[in-house]
Amino acid sequence: MSTAIMDTAIDWKRVCTLDEIPVLGSRVVRSTKHGDIAIFRTSDDEVFALHDKCPHKGGPLSQGMVHGKTVTCPLHSWKIGLDSGEAVAPDVGCTRPFAAKLEDGVVWLKA
Ligand code: FES
């Protein structure tokens with residue numbers, strides 16, 4: 001599922017309610033400024049946002065599996081840290097992280 005947002009200012013934008021993101025899954029926000037941004041939900045109901053593009057060969061991280069605070073890319077199984085966007089060693093690379101937060105059951109994105 002995806003949501004379109006406007007990029008008129010760098011500020012917190014309401015994305016959706018937490019319930020609209022599956023546990024251990026994601027939701028894609030389409031940003032005209034930054035491209036697709038994947039919002040991930042962990043089993044602890046934490047939310048993280050990353051550019052939806054694997055640092056290896058551009059795989060869609062939003063279609064990967066979340067485990068702990070990492071997501072496994074669906075193409076070649078690199079593991080990417082949700083909080084940093086950095087690949088877990090021995091792989092090397094980084095995708096851009098964005099600030100995301102949860103307040104009163106609502107997910108917010110700063111992009
Ligand atoms: S494109 Fe993600 S691991 Fe290769």
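How many salt bridges does the structure hold?

Guide: The model is a predicted one, in which local features need pLDDT of at least 70 and side-chain atom pairs count only at pLDDT 80 or more, while totals for chains, interfaces and linings use all residues. Residues are numbered from 1 along each chain as its sequence is written, and side-chain values use heavy atoms, with hydrogens and water left out.

The structure holds four salt bridges, a salt bridge being a side-chain nitrogen of Lys or Arg within 4 Å of a carboxyl oxygen of Asp or Glu. Among them is the pair of D36 and R30, whose side chains meet at 2.7 Å, N to O. D36 is partly exposed at 28% relative accessibility; here buried means under 20% relative accessible area, exposed over 50%, and partly exposed in between (1.4 Å probe, protein chains only). R30 is likewise partly exposed, at 42%.

Another of the salt bridges joins R41 to D45, with 2.8 Å between the closest N and O atoms. In this pair R41 is buried, with a relative accessible area of 9%, whereas D45 is partly exposed at 31%. A further salt bridge links E103 and K101, the closest N and O atoms being 3.3 Å apart. E103 counts as partly exposed at 39% relative accessibility, and K101 is partly exposed at 23%.

The sheet may now be considered. Three strands form an open, antiparallel sheet in the order β6-β7-β8; strands (E, at least two residues) are DSSP runs, numbered from the N terminus, and two strands pair if DSSP finds at least two bridges between them. Because β6 (65-67) and β8 (79-81) stand at the edges with a single partner strand each, one side of each is left without a neighbour in the sheet. Neighbouring strands are turned by 30 degrees against each other on average, direction ignored; the axes are lines fitted to C-alpha atoms, and angles run from 0 to 180 degrees between N-to-C directions.

β6 and β7 (residues 70-72) run antiparallel and are joined by three bridges, and V66 stands opposite V71 in β7. T70 also lies in β7 and is buried, with a relative accessible area of 17%. Leaving aside its neighbours within four places in sequence, T70 is in contact (heavy atoms within 4.5 Å) with M65, I80, G81, L82 and V88.

Note on methods
Helices (H or I, at least four residues) and strands (E, at least two) are DSSP runs, numbered from the N terminus.
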